[in-house]
Amino acid sequence: MFNYSDLESLPNVLQRKYALLRDLDKSLQEIQRQNEQRCEQEIEDIKQGVKSGNITPDPSLIRFSDEALDEQKHSIRIADEKVALAVQAYDLVDTHIQQLDQYLRKFDEDIRRERDGIAGTGLPAPIPDSGTKSGRGSESSRGGRKKTRLAAAAAAAAAAEAAAPVTAAANPTSMDLDLPVDPNEPTYCICDQVSYGEMVACDNPDCKIEWFHFGCVGVKEQPKGAWYCSDCIGMQKRRKGK
C-alpha cells in the first residue's frame, strides 16, 4: 500500500542528504587546497635540494611526504563518502518511484474493473478525470532509471552542488538539524545523521552513540587498536580523578 506520509517527508530527507553532500564537498575542497599547497612547497624544496647537491636526483628516492600522501588518501575517502551518500539519495527516490508506479497500476486496474462493471449493467460509463494519469507508460519510458548506480550518484552530487548557492542564501546554516528524519533510517554519530561512508565504532560497550563518521571525529583511517570517542574518554578521566 502506498504511504503518503513517506512521500511527503521525501523532500526534507533529500534536503538533509544534499546538505551533507555540500558539507562533504566543502571539506574535500579544503583538503585538496591544503594538499596542493603542500605538494607545491615540497616540489620546490626538492628542486632546491637537487640544485644544492643535498638531494640525489634519483626518481626512485624522491617522493612526497607522508603528510601529503595522507591528505590525498583522505580526499579519496571523502569522495567515496559523497558517492555513497548520492547513491542513497538516488535509491531513496527510486524506491518511491517504484511504489508510486505500483499504486498507479493498481488505480488503473480499479478504474478498468469499475468500467467493466458499469458496462455490464448497461449504464453509461463515467468520464475519467482528465487530470488523472493511468501510470508512467511503457517500460521504455523508464529508461532513465536504468542507468548505473555510479552515474546516478554523480548526477545527484552534481545536482546538490548546483543547488548549493540557492539553498545557502535561503538558509545560512549548513545543516538543517531540525528536519525530520526518515523513520526507516537510524541515525548515528555526534552529528545525529544517517550512516554513510566510513565509520568507526567506540570500544566502550556503554557508549551512547557507538558509531561515528570519520570526518566528524577527525579519523582518517580505521584505528588499529582500541578507539574511544571524546565523551567516553572524558568519562574515563573523571572516574580516574575520583
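Buried means under 20% relative accessible area, exposed over 50%, and partly exposed in between (1.4 Å probe, protein chains only). The structure is a predicted model, in which local features need pLDDT of at least 70 and side-chain atom pairs count only at pLDDT 80 or more, while totals for chains, interfaces and linings use all residues. Residues are numbered from 1 along each chain as its sequence is written, and side-chain values use heavy atoms, with hydrogens and water left out.

In one of them, Asp 25 meets Lys 82 with an N to O distance of 2.8 Å. This pair links distant parts of the chain, 57 residues apart: Asp 25 sits in helix H1 (residues 4–52) and Lys 82 in helix H2 (residues 66–121). Helices here are DSSP runs (H or I, at least four residues), numbered from the N terminus. Lys 82 is buried, at 10% relative accessible area, and Asp 25 is buried at 14%.

Glu 71 and Arg 38 form another salt bridge, at 3.0 Å from N to O. Because Glu 71 belongs to helix H2 and Arg 38 to helix H1, the pair ties together parts 33 residues apart in sequence. Glu 71 is buried at 7%, whereas Arg 38 is partly exposed at 31%.

Within helix H2, Lys 106 and Asp 110 are four residues apart, so about one helical turn separates them. Their closest N and O atoms lie 3.4 Å apart in a salt bridge. Asp 110 is partly exposed, at 30%, and joins Lys 106 and Arg 113 in a network of salt bridges.

Technical notes
Salt bridge = Lys/Arg side-chain N within 4 Å of Asp/Glu carboxyl O. Helix = DSSP H or I, 4+ residues; strand = E, 2+ residues; numbered from the N terminus.
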